[in-house]
Amino acid sequence: METGQRALRLPAAGTALALVLLAAGCTSGAGQAAGAFPEVVIAMPAWTGGQANAAVAAHVLREELGVPVQLRELSPDQAWDQMDAGAVQAVLEDWGATPDKRRLYTAQRMSVVPAGDLGPVGRVGWYVPGGYAAANPGVLDWRNLNDHADAFASADSDGRGRLLTGGPDDASHDEALIDALDLAYTAVPTGGEEQLIEALRGADRGDGAVLANWWQPHWLHEELELAEVALPEHRAGCHREGGSDMCGYPDIPLRKFLNAAFAEHGGEAAAFLTDFSWTAEEQNEVARMIAAEGMSPEGAAARWAEKNGERIAGWLGED
């Protein structure tokens, strides 16, 4: 087994070293803010909170450190694979959706290294609009959900309640949880974050009841009152092979990861991304500009940066 691990590790290490040497030959001088890297590529996820992180970090790298940056739209799987290959230097919001790849690349190949916590703590769960919860307080306990299945059903769902979910990249185990809890519900994908938002807004306007897989931090909580359904408590060993699926979701400290060669040879840019952290409120402020005001991630980041110079100076060690 040890021999196999070494054989797996060496190509990744050799490739990373070759990329660093090649990049070093392409840079002009040892004083580059990104060290041996002529450009920094940051993974850009599909959800607006993740876009806010990437855009603000990219803005600081470009405007404060003079580093060329590319934001590359990738799924979590793609981001991890490209970070391992050296094509991506940073993932700034990991929700733990790909634990096998995290173990492979950080513990076995050692091509990716942790870069600390982002700051916000993620919480996934099942939510209903606050108005429905106020009128039907029993819905906030999963044991009573079957009593409300008709309210969350559609004309073509055969009386089964619908649990609305997002896109294919979302980390969820809703089907297994529905089965384990013997609930008369079906998980129904909507296509993504934007579609879920429209469904929740519609329910808030009185266009029918909605039960949705939703999460925090998210800027929508500042616009709508959403109430969380109490699911069974998450325990160690839940959702693993042989474990119980009768568990809710754990709280998830959102974490950053860097390509290992970049972490070692990326100079001030790597140091900044390691030090970069902010609050859920700050993330929501930028994410709302992107999603609710229709701004580009780059435009939202620039507007936020104009008002938060002291915060940026603190990240760069200038305060």
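A polar contact is a pair of N or O atoms within 3.5 Å; within protein, one must be able to donate a hydrogen and the other to accept it, and residues adjacent in sequence count only if both atoms are side-chain atoms. The exercises below concern a predicted model, in which local features need pLDDT of at least 70, side-chain atom pairs count only at pLDDT 80 or more, and totals for chains, interfaces and linings use all residues. Residues are numbered from 1 along each chain as its sequence is written, and side-chain values use heavy atoms, with hydrogens and water left out.

**Exercise 1**

Locate Tyr249 and list the contacts of its side chain.

Solution. 
- Step 1: Tyr249 sits in the loop between strand S8 (226–229) and strand S9 (251–259). Helices (H or I, at least four residues) and strands (E, at least two) are DSSP runs, numbered from the N terminus.
- Step 2: The relative accessible area of Tyr249 is 10%, so the residue is buried. Buried means under 20% relative accessible area, exposed over 50%, and partly exposed in between (1.4 Å probe, protein chains only).
- Step 3: From Tyr249, the side chain makes a polar contact with the side chain of Asp174 at 2.7 Å and reaches the backbone nitrogen of His173 at 2.9 Å.
- Step 4: Gly125 is 124 residues from Tyr249 in sequence, while their C-alpha atoms are 6.4 Å apart in space.

**Exercise 2**

Describe how helix H10 (residues 280–291) packs with helix H11 (residues 297–307).

Solution. 
- Step 1: The axes of H10 and H11 come within 8 Å and cross at roughly 135°. Axes are lines fitted to C-alpha atoms, for helices over the stretch in contact, and angles run from 0 to 180 degrees between N-to-C directions.
- Step 2: H10 is therefore oblique to H11. Angles under 35 degrees count as roughly parallel, over 145 as roughly antiparallel, 65 to 115 as roughly perpendicular and the rest as oblique.
- Step 3: H10 contributes Glu282, Glu285, Val286, Met289 and Ile290 to the contact, and H11 contributes Pro297, Ala300, Ala301, Arg303, Trp304 and Lys307. Contact means heavy atoms within 4.5 Å.
- Step 4: By class, this contact of H10 with H11 has 7 nonpolar, no polar and 4 charged residues. Ala, Val, Leu, Ile, Met, Phe, Trp, Tyr, Cys and Pro count as nonpolar, Asp, Glu, Lys and Arg as charged, and the others, Gly among them, as polar.

**Exercise 3**

Solution. 
- Step 1: Asp77, Trp80, Asp81 and Asp84 of H3 meet Lys101, Arg102, Tyr105 and Thr106 of H4.
- Step 2: The contact of H3 with H4 has, by class, 2 nonpolar, 1 polar and 5 charged residues.
- Step 3: The side chains of Ser111 and Asp84 make a polar contact at 2.5 Å.

**Exercise 4**

Find the backbone features at Met110, Asp182 and Pro217.

Solution. 
- Step 1: Most residues other than glycine have a negative phi, and most peptide bonds are trans.
- Step 2: Met110 has a positive phi near 55° and is partly exposed at 47% relative accessible area.
- Step 3: Asp182 has a positive phi near 55° and is exposed at 63%.
- Step 4: Gln216 and Pro217 are joined by a cis peptide bond with omega about 0°.
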